[in-house]
Amino acid sequence: MVEIGVSVAAKVSEYLVDPVVRPLGYLFNYRTNIEDLFEKVEKLRDARSSHQHSVDEAKRNGHEIEDGVSRWLTRADGFIQDASNLLEDEKKARKSCFNGLCPNLKSRYQLSRAARKKAGDADKIHGDGLQIEKVSYRPPLQEIRSAPSEALPSRLLALNEVMEALREENINRIGVWGLGGVGKSTLVKQVAEQAAQEKLFDKVVTASVLQTPDYRRIQGELADKLDMKLEQETEEGRAAQLYQRMKKEKTILVVLDDLWTEVDLEKIGVPFPAADHHKGCKLLLTSRDKHVLSNEMGTQKDFRVEHLEEDEAWVLFKNKACDTVENLDLQPIAMEVAKECAGLPIAIVTVATALKNKSLPAWRDALQQLKKPTPTNIRGMDAKVYSSLELSYKHLQGDEVKSFFLLCAIISTNDISIEDLFYYGMGLGLFRGTNTLEEAKNRTDTLVDNLKTSNLLLETVRFGFVRIHDIVRNVAVIIASREHHVFALQRTTLRKEDWPSMDELKKITWVSLDQFDCDELPEGLVCPKLELFGCYPNQNSCMKVPDIFFEGMKQLKVLDFTNMHLPWLPSSLRCLENLRTLCLDGCISRDISVIAALKKLEILTLRYSAIEELPREIAELTHLRLFDLWGSS
């Protein structure tokens, strides 16, 4: 009986007392509920900001955002907006009643109750955010497809011949050869696209080999196409990973573009196309030299890509110059200009692009320039091709983009890092009218896009990199040497007699030494006008640098020592009072404290370097705007 009485009393309390006490609780805890909501909104805002930073970084790296993350951000945004509106309403209510001296009890009750509920919602959303472990994912890479153009009969015939060879059961090694710039890479790219569309193979993967094969880069390009991550550190380990992955595909086409000499397939990780290795694997290779294909790589069928005949050259030229050549007064001159390009597609495309929408006098001037005698000692090209490419350079609008193009040509013979172009351009002061790093980075991207549009820079499959055709680079280096006294040396052994004379050194403005071997840099170089010194020796170079090396280079603005093993930096580095960009990427050094003397230094990069200890003196670099330590130990 007592238990029944207690139960009845509890129910009476629930129905009569609680409805009275609970509203009073909202009133008594009004300030606490409002402040609690404010704190939880700020906490959620910080969490949302942190996730947004991760999302922004992922997008910059070309990643896709997880759907759950996007939904959480939208949910958090909506909640923060609603909660902020409620807190704003509370402020207005407080002001309308003389800062709480004569409160509106009904309004307080409603606001306190809503605040408490939203505080609970904030905890839930924040908790869901803490459960997010992965913000983004890398989507499968898509091939960069060529812009559609009018089909040329000779190229269509070549495409069909190569496709027919791929369909032959007993043919597994096919070669495509021809002059540089004649269209080999374009042809095999179209073959790869068509083979993928027709599903001739389970997988089609491509990579550029280039004049000096970088096996790690080639492995990376193939791995990207296979949507796999190479986890091994050594080339051998990465090759084993690639080999096992390719063996899993029943049929696979491997396209290796731009071979200059024999390439070790095993070292890359490509299965040899044979019954005892991988019967379903086929190779498609390109080279300027037929001997490389048939004798060194053992191709079974080779197809030569020839210059375009006059009628096809004109079709391609019209396609790139667009409506400009439809002008009846201009057309005869345009046809003569097209003839001067000697049927080489790279020359036709660059010249037509440069002259598009130009006036009749500009076309006449271009024709006159193309007929001038020019250097002919460039491997794989004649004077007409040189003239046509130089003309494209001359038609770039302004000194800024011209200098930027020449910079692209001298700093690397392989893929060109857009980030490096940004660092160098900043140091050289190329980007006129920019005040912030963001403005300079935007200018870098704009210049890169302009050069791509002019067909002077090419896309790559690597994010943040571009390429330059080797013939275009050769022409650019000659122009840079002639007009700007640039000394560029690539892929060779650097000897003392290779350096310019003392008189020439006094005029030199840029020096670029790329992929070279050398025991020691010379002493006593006097280069009073030198602004850029780029030194990129072969991997793990122990080249010695004299302690007084920089004493005659006091105007130097950009210095790049990549992949150097230096126990300590030369003390003459102190002389570089005008240095603004210093790159020590991939370097191994015990002591770099001398950089404290570089008072005007704005950009310092130590990417992938092994520095024993970062000196405290770095704090003395009061003009430093960017310090890049990515991948360093």
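Author: Two strands count as paired if DSSP finds at least two bridges between them. Keep in mind that this is a predicted model. Here, β12 and β13 are parallel partners, with five bridges between them. One of the residue pairs is Val511 with Phe533 in β13.

Reader: Which strand pairs with β13 over four bridges?

Author: That's β14 (residues 558-561), again in the parallel sense. Look for Leu532, which sits opposite Val558 in β14.

Reader: And how do I tell whether a strand is covered?

Author: Check each residue: under 20% relative accessible area is buried. In β13, five of its five residues pass, so the strand is mostly covered. Leu532, Gly534 and Tyr536 point one way, Phe533 and Cys535 the other way, and all are buried.

Reader: Why is strand β5 called largely enclosed?

Author: Because eight of the eight residues in β5 (residues 252-259) are buried. Strand β4 (residues 203-208) runs parallel to β5, joined by six bridges, and Val205 has Val254 as its bridge partner there. Six bridges also join β5 to strand β6 (residues 281-287), in parallel, with Ile252 partnered by Cys281.

Conventions. Residues are numbered from 1 along each chain as its sequence is written. This is a predicted model: local features need pLDDT of at least 70, side-chain atom pairs count only at pLDDT 80 or more; totals for chains, interfaces and linings use all residues. Side-chain values use heavy atoms; hydrogens and water are left out. Buried means under 20% relative accessible area, exposed over 50%, partly exposed in between (1.4 Å probe, protein chains only). Helices (H or I, at least four residues) and strands (E, at least two) are DSSP runs, numbered from the N terminus.
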